[in-house]
Amino acid sequence: MMWWLRARRAHTRLPLGFLMFTLLAAIVQDTPLFLPSIWSGGSEIVQAVTLVPLVLTSVLFDCLHTRLDAAETTGIRPVRFFDVLLALGVVALALVVGEVIATVTGAASAETLGRNTAFLAGLTLLCGALFGRSAVLVPALWPLIGVLFGMRAAGDAYPWTVLLEPPGTWYASVGALLMLTTGVGAHLLSPNRFARRAA
């Protein structure tokens, strides 16, 4: 287990990522951002906290692509299982952090941190399994894609955007869970492609 943590550098990178994630979430709270939207024809108001999970998922992506190929290709060690546990642990901690910040500060938007981290973590695992390191920009650009193309009208996002939905939206939570499940399945079933692309 320790060799895997060292190989992924998760023991050094993730604590720093969580510190930055927590600080940013506590600072921005319900601060709005004004971003351009193509379909609505103007600017969209987006909660700044929507972008905060990118800190964690970027670190997660980087950890998953830091490898010891000789040890990992033996087929003996449950590397893929450890990777999935790492991703699920990141999501679980993000959920806890979001709920604590929402309770302490009263910022309702912080309640989306766990859901949005779950969605982006699933997208990270899926893109990593399918395309490897070359797909690093897909999870990072998803919030921007949602704002540019995912607005039916001002303040009304299409359900597929997930990240832009308000706290407590049941179908956004279901979408995040489905994406996380899909990403986990893709990561478990496509290890060889993941390793080749990461090299």
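This is a short tour of the structure above, one selection at a time.

**Before you start**

The model is predicted: local features need pLDDT of at least 70, side-chain atom pairs count only at pLDDT 80 or more, and totals for chains, interfaces and linings use all residues. Residues are numbered from 1 along each chain as its sequence is written, and side-chain values use heavy atoms, with hydrogens and water left out.

**Stop 1: the whole chain**

Show the protein chain as a cartoon. It has nine helices and four strands. Helices (H or I, at least four residues) and strands (E, at least two) are DSSP runs, numbered from the N terminus. From the N terminus on, the order is α-α-β-β-α-α-α-α-α-β-β-α-α. Of the 199 residues, 47% are buried. Buried means under 20% relative accessible area, exposed means over 50%, and partly exposed lies in between (1.4 Å probe, protein chains only).

**Stop 2: helix α2**

Select residues 10–28. This is helix α2, with 19 residues. From first C-alpha to last it reaches 26 Å, close to the 27 Å expected at 1.5 Å a residue. The expected span is 1.5 Å times one less than the number of residues.

Which residues of α2 are buried? Colour A10, L14, G17, F18, F21, A25 and V28. Now look down the axis of α2: these buried residues fall within an arc of 120°, so they line one face of the helix. The arc is that of the directions from the helix axis to the C-beta atoms. An α-helix has 3.6 residues a turn, so residues three or four places apart point the same way. Turn to the face away from the buried side of α2, and you find the exposed residues L16 and I27.

**Stop 3: the salt bridge**

Select R13 and D62. They form a salt bridge, and their closest N and O atoms are 2.6 Å apart. The pair links distant parts of the chain: R13 sits in helix α2, D62 in helix α3 (residues 53–64), 49 residues apart. The structure holds one salt bridge. The term means a side-chain nitrogen of Lys or Arg within 4 Å of a carboxyl oxygen of Asp or Glu.

Are these two residues buried or partly exposed? R13 is partly exposed, at 21% relative accessible area. D62 is partly exposed too, at 26%.

**Stop 4: Q29**

Q29 lies in the loop between α2 and β1 (32–37). Its phi is near 45°, a positive value in a residue other than glycine. Most residues other than glycine have a negative phi. Q29 counts as partly exposed because its relative accessibility is 26%.

**Stop 5: the recorded spans**

An unreviewed UniProt entry lists residues 45–64, 84–107, 113–131, 136–155 and 170–189 under "transmembrane region". UniProt positions are given here in the numbering of this structure, feature names are shortened, and annotations may be inferred rather than shown by experiment.

Select 45–64. Its end C-alpha atoms lie 33 Å apart, and the span is 60% helix and 15% strand. Then select 136–155. Here the end C-alpha atoms lie 28 Å apart, with 65% helix and 15% strand.

**Stop 6: a nonpolar surface patch**

Show a surface. Select V136, L137, L141, L144, I145, F149, Y158 and W160. Together they form a nonpolar patch with about 680 Å² of accessible area. Patches are made of residues with over 30% relative accessible area and no salt bridge; like charges are joined within 9 Å, nonpolar side chains (Val, Leu, Ile, Met, Phe, Trp, Tyr) within 5 Å. Accessible areas come from the Shrake-Rupley method with a 1.4 Å probe; for residues, only the protein chains shown count as cover.

**Stop 7**

Zoom in on W160. It is found in the loop between β4 (156–157) and α8 (170–189). W160 counts as partly exposed, at 38% relative accessibility. V162 is found in the loop between β4 and α8. V162 is buried, with a relative accessible area of 4%. Its phi is near 60°, a positive value in a residue other than glycine.

G175 counts as buried, at 18%.

**Stop 8: helix α8**

Finish on α8. Its 20 residues should span 28 Å at 1.5 Å a residue, and its end C-alpha atoms are 28 Å apart, which agrees. Its buried residues are A172, G175, A176, M179, L180, G183, V184, A186 and H187. Seen down the axis of α8, they fall within an arc of 165°, so they line one face of the helix. On the other side, W170, L177, L178, T181 and L189 are exposed.
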